[in-house]
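I opened this structure for the first time today and kept notes as I went. Here are the entries, in the order I wrote them.

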Amino acid sequence: MKNIRLGLLIAMVAGFTACEDTIDLQVPNGTTYPVLDAWITTEAGPQTIRLTQSVTSYTNSTPAPVLSDATITLEDLTDAKTYNFAFSNGAYSYDPGGDQSIGKVGHVYKLTVQYKGETFEATDTIKRVPSIDSITYEFKKSDESASGKEGYYAYMNAKDLEGGNDYYWIRSYRNDRQHRNTDIYAINGAFNDDVADGWVFIQPIKEGITDYDKPYQKGEKVIARIASLSHPSYYFIQQVIDQLNSGGLFAKVLENVKPNMVNVTTNGKVKMLGWFGASAVSFKEKVIE
Amino acid sequence: MRKHLILLLSLGCFLLQGLTLHAQQRFTVSGYVKDQQNGESLIGISVSKAGTSLGTVTNEYGFFSLTLPAGDHELQFSYIGYATIKQTIHLTRNQQLNIKLEKSSSQLSEVVVSGKQEKAVNTLNTSINRLDIAQMKKMPTFLGEVDVLRSIQTLPGVTTVGEGANGFNVRGGATDENLILLDEAPLYNSTHMLGFFSVFNPDAVKSLNLIKGGFPAEYGGRTSSVLDIRMKDGDNQRLGLTGGIGNIFSRLAVEGPIKKDESSFIVAARRSYVDVLFKPFLKGDMADTKLYFYDVTAKGNFKLNKNNTLFVSGYLGRDVFGFGNDVNMNWGNTTGTIRWNHVFNNRLFLNMTTFYSKYDYSLKFSNEDDKQPNEPDQSSQWTSNIINYGLKPSFTYYLNTSNSFHFGVQAIYYTFKPGKGTGSQENANSEVVLNDQHALESAVYLDHEFKPSKKFGVQYGLRFSAYQYLGKGTAYYYNDTTWGTRRRLIGSREYGNNELIKGYYYLEPRISAKYSITDNHAVKVAYARTTQFMHQLSNTASPTPLDIWIPSTNNIEPQVADQYTLGYFYDAPSGLLELSAELFYKKMAHQVDYIDNANLQLNQYIEADLLPSKGRAYGVELMAKKEVGATTGWVSYTLSRTERKTPGISGEEWFLNRYDRTHNLNVVVSHDFSKRSSLSANFVYASGTPGTFADSRLEYQDWDIPYNSTDKRNNYRLPAFHRLDLSFTRKGKPHKRWQGEWVFSLYNVYARRNAYTIYFQQNDDDPSKKEAKRLSIIGSILPGITYNFKF
């Protein structure tokens with residue numbers, strides 16, 4: 001989704017007559033693959049990594065089966081440190097203790113996963129991230145909002161870091177970190193390389209922390225996070241978000257997101273889906289009063 | 001190459017034969033055929049020697065030329081909906097004859113007989129469908145409005161990916177493979193409002209020809225079809241107004257003589273007003289919503305003297321969307337055409353066309369309206385355009401009743417500004433500008449129409465197309481990589497003004513032949529090679545107005561298609577019913593495909609994301625048509641398949657195109673109850689288009705990512721599409737000058753929710769539920785009312 005407003009306009013045109021229905025679709029079950037969900041951040045405290053089996057039907061809502069028999073090691077190639085992740089409670093984790101954090105800006109990380117006798121590797125670099133200055137919000141009545149939904153619309157006030165192209169993944173949560181709300185990607189203060197360097201994030205990004213179909217309500221807490229991305233990780237996140245927002249008149253065709261874990265085993269056969277990424281993160285939260 | 005040489009040689013032989021055979025005293029009668037009432041030139045009128053098969057049809061400017069032995073001849077001029085005129089000429093020298101045909105008043109009776117020559121059973125070409133505006137007006141309308149593109153979708157071989165989709169597909173070709181000509185200027189975006197309405201104002205359209213195969217040599221530059229739309233000349237008898245008031249937009253056209261009988265003009269305009277109607281209901285963020293389109297079509301024709309006529313026509317259309325100062329977007333086509341018809345002598349006709357065509361879009365964003373006091377001013381803009389200038393002198397030489405030649409040269413110069421993005425915050429500016437691109441497309445062609453006997457006729461020709469990708473510009477060179485992944489830039493080179501970066505040259509043979517089994521049955525075969533140098537980049541379900549066109553480059557080879565057609569045509573002896581069956585097979589090379597997650601917007605290295613694919617399409621098209629009587633209409637059915645094979649995609653196996661429809665049935669019926677009331681119905685049934693469905697789900701960072709573990713593209717089909725439309729027209733009592741009519745229409749009568757796309761998402765209220773969702777662009781019955789008038 002290059003631009004939220006454009007999407008709104010398209011929705012408006014189609015909106016006079018269009019409708020969306022949930023349908024019962026018969027699709028034969030797919031083949032299952034191991035899926036690595038590894039995102040290391042600069043946040044203090046424990047870091048967790050999940051390894052699951054893909055669910056062989058999209059509409060099957062049962063949680064993905066957890067794979068517990070892998071060995072996962074993270075190396076900080078810049079500092080030559082190794083962290084062994086241990087499995088417990090459905091995930092692999094490492095706790096550096098106290099207010100220590102594993103992730104450091106500018107460091108290169110390599111993740112190694114050994115699973116069923118085969119070894120997979122990927123690397124990523126932690127880029128710099130700007131802080132979030134504040135979160136503000138305003139109340140809109142149903143007839144004042146483009147989506148027709150009454151509630152509080154929140155804005156994230158932050159500024160891109162000057163110099164070079166910076167890639168970001170912005171995520172908002174409702175009330176707590178267990179409730180993901182919206183996701184949006186950005187380059188510099190806007191959406192393209194080489195423009196908007198050092199800008200305050202432009203309107204669509206600033207407004208992107210509110211789900212227009214479900215604005216915040218009084219008493220709810222808005223949590224915003226900016227995560228820095230390396231260029232390959234940006235490409236992956238962009239693809240995922242585009243796929244998840246697909247729909248409408250100009251729907252993107254379903255394309256599989258490509259993994260970055262490389263099977264380095266000689267004659268290795270297993271394909272591992274998912275992605276290993278690393279980010280510096282900054283958070284801000286605000287309760288709607 | 002040898003094949004081509006043989007063709008050229010035989011062409012030469014035919015020429016000589018044609019020139020030397022008939023030494024007997026012969027003379028030529030030539031002239032124009034026009035409408036009695038308004039002076040419009042009439043296209044495709046049968047001109048024949050009564051009682052024989054000798055004859056011709058008028059060309060796009062109403063001109064005909066017929067060479068006959070000296071002596072008396074009774075000539076017959078006929079066309080459906082017009083009273084036949086018979087005129088005896090005494091041919092002792094070359095002579096001019098201008099004819100005016102009168103509209104038949106007895107439309108309702110079954111005695112109206114149309115001309116023979118223009119019937120499919122008698123013409124040489126296959127795969128051509130012609131519609132004139134009177135036929136389009138009879139069909140059920142969408143929201144009360146006559147629509148050119150919707151009407152061609154009822155013809156065999158024409159499909160779309162869905163309702164409201166931008167563009168159409170002909171015989172398994174992509175939407176960018178249609179050459180859409182409005183008074184000979186190419187158009188790059190044929191719809192308004194993202195696909196709901198076509199850009200052609202019906203008040204200014206005279207007729208259209210859709211050529212799907214067996215292309216005459218004069219057409220080139222697109223591989224799948226030519227949609228040749230001709231504007232009205234304007235009434236040269238009296239000043240008049242026509243127009244309509246509908247629930248989406250209103251139209252007004254004024255036309256009249258500049259000099260009676262000789263020169264006339266027409267100016268037609270439309271504007272939609274959904275935004276105006278909704279304005280009182282919009283508040284807050286929506287208060288300053290802009291959502292409308294307009295277009296202006298104008299044409300003038302000037303008869304300079306009996307041998308020279310000048311036509312000037314132009315089109316300007318714009319779609320405008322926006323919210324206050326926050327978002328402002330607009331896009332549209334601008335075209336201009338100047339044509340000069342010159343009759344050198346009775347047998348040699350020249351049409352010289354020069355044209356200009358531009359498609360551009362602009363998006364502007366600003367934070368002016370919602371800015372907090374401490375925030376900086378921000379604005380950004382994104383623009384893109386394609387401009388072309390063309391010159392096309394085309395000659396027709398009518399040697400005798402058995403031989404005529406079409407020849408000419410063509411040149412189109414293109415400039416592309418693929419994208420410019422600028423942004424500013426306070427006084428700091430930054431911009432991304434993609435390099436301009438330039439290209440020259442040129443061609444020389446010769447076509448020979450040869451009818452040695454009543455039974456047999458052939459039109460064969462050769463087109464030589466040259467394409468040059470020119471400086472000033474930068475050529476990029478990429479590495480060879482695993483197919484399906486982004487290629488890496490390994491070098492670039494700057495080229496100066498008009499320096500050749502890369503050239504491509506093609507010989508395109510064309511042939512269509514007809515054999516009449518009897519007067520009423522004919523079999524036709526055709527072969528055509530076509531090439532295409534311009535490509536629209538789009539990897540969404542249907543192209544968006546922001547999808548750019550790019551030229552062939554050193555990295556993108558031109559598309560080449562070879563099409564074979566076999567057809568059978570039947571015309572009932574009564575002239576009431578026409579039947580046709582056509583088989584086609586089309587092989588396509590270098591169609592453009594994309595790597596997964598290709599970046600098609602504001603990307604200087606866009607070529608690194610493109611893949612060349614092979615295509616094939618085949619099918620059978622059946623059509624039955626009844627054009628006279630109280631009940632008229634047609635039934636068309638197409639059984640077809642269209643596939644492609646792209647390295648790095650879908651396991652490098654053939655996969656169905658997004659626009660493949662196995663079955664496609666259209667029934668168009670119109671019944672006149674009286675002179676004033678008529679009812680029409682349209683029913684469509686089409687197999688669902690293919691889609692790529694998720695068969696599994698990945699849990700990742702609290703997302704549920706749909707995944708297709710087969711890695712095969714378009715591996716499933718959407719449910720079948722079907723829809724019924726009705727419309728009722730009631731004409732007002734005829735007054736001396738004022739004529740009015742009400743059109744009531746119902747679109748999607750039984751409110752079917754046809755699937756446009758199916759996608760996979762979490763439930764909005766309960767994210768733990770994962771769902772497949774169907775989007776229907778038109779999910780209910782849509783009524784429409786329009787009042788049309790003529791003054």
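**Entry 1: where the chains touch**

I began with the contact between the chains, which takes 70 residues from chain A and 74 residues from chain B. I counted two residues as in contact if their C-beta atoms, placed from the backbone, lie within 7 Å. On the side of chain A that touches chain B, the elements giving two or more residues are helix H1 (4-15), strand E1 (19-23), strand E2 (34-41), helix H3 (231-244) and strand E15 (273-279) of chain A. Helices (H or I, at least four residues) and strands (E, at least two) are DSSP runs, numbered from the N terminus. H1(A) gives the most to that side, with six residues. By class, I noted 32 nonpolar, 22 polar and 16 charged residues on the side of chain A that touches chain B. Here Ala, Val, Leu, Ile, Met, Phe, Trp, Tyr, Cys and Pro count as nonpolar, Asp, Glu, Lys and Arg as charged, and the others, Gly among them, as polar.

**Entry 2: ground rules and confidence**

A reminder to myself: this is a predicted model, where local features need pLDDT of at least 70 and side-chain atom pairs count only at pLDDT 80 or more, while totals for chains, interfaces and linings use all residues. Residues are numbered from 1 along each chain as its sequence is written, and chains are lettered from A and ligands numbered from 1 in the order in which they are written.

I looked up the pLDDT (the predictor's confidence in each residue, from 0 to 100). Chain A has a mean of 91, and 93% of its residues reach 70 or more. Over residues 1-6 of chain A the pLDDT is below 50, though this stretch has 13 contacts in the model beyond near neighbours in sequence. Where pLDDT is low, the predicted coordinates should not be read in detail.

**Entry 3: a sheet with strands from both chains**

Which strands make up the open sheet of three? I found the order E1(A)-E50(B)-E49(B), with antiparallel pairing. Two strands pair if DSSP finds at least two bridges between them. E1 of chain A and strand E49 (757-762) of chain B stand at the edges with a single partner strand each, so one side of each is left without a neighbour in the sheet. The twist averages 35° from one strand to the next, with axes being lines fitted to C-alpha atoms, for helices over the stretch in contact, and angles running from 0 to 180 degrees between N-to-C directions.

E1(A) pairs with strand E50 (residues 770-776) of chain B over five bridges, and A:Cys19 has B:Ser776 as its bridge partner there. E49(B) and E50(B) pair over six bridges, with B:Gln762 partnered by B:Lys770.

**Entry 4: hairpins in chain B**

I followed strand E18 (residues 240-246) of chain B into strand E19 (residues 249-259) of chain B, an antiparallel pair with six bridges. The two form a hairpin with two residues between them, and B:Gly240 is bridged to B:Glu255. E19(B) also pairs in the antiparallel sense with strand E20 (residues 263-272) of chain B, over 10 bridges. B:Phe249 stands opposite B:Ser272 in E20(B). E19(B) and E20(B) form a hairpin with three residues between them, and B:Asp261 in the turn has a positive phi of about 75°.

**Entry 5: cores**

Next I checked the nonpolar cores (sets of buried Ala, Val, Leu, Ile, Met, Phe, Trp, Tyr and Cys residues joined through C-beta atoms within 7 Å). A residue is buried if 20 or more other C-beta atoms lie within 10 Å of its own, exposed if 12 or fewer, and partly exposed in between, with C-beta atoms placed from the backbone. The largest core has 86 residues, of which A:Tyr168, A:Ile170 and A:Ala186 touch the most other members. Strand E13 (residues 221-229) of chain A gives the most to this core, with six residues. Leaving aside neighbours within four places in sequence, A:Tyr168 has contacts that include A:Tyr185, A:Ala186 and A:Ile226. A second, separate core of 63 residues includes B:Met139, B:Val205, B:Ile266 and B:Met623.

I found a cis peptide bond joining B:Gly471 and B:Lys472, with omega about 10°. B:Lys472 is in the loop between strand E29 (456-470) and strand E30 (473-478) of chain B.

Buried or exposed: which is B:Asn597? B:Asn597 is buried, with 20 other C-beta atoms within 10 Å, and has a positive phi of about 60° although it is not a glycine. B:Glu652, with phi near 55°, counts as exposed, having 12 C-beta neighbours inside 10 Å.
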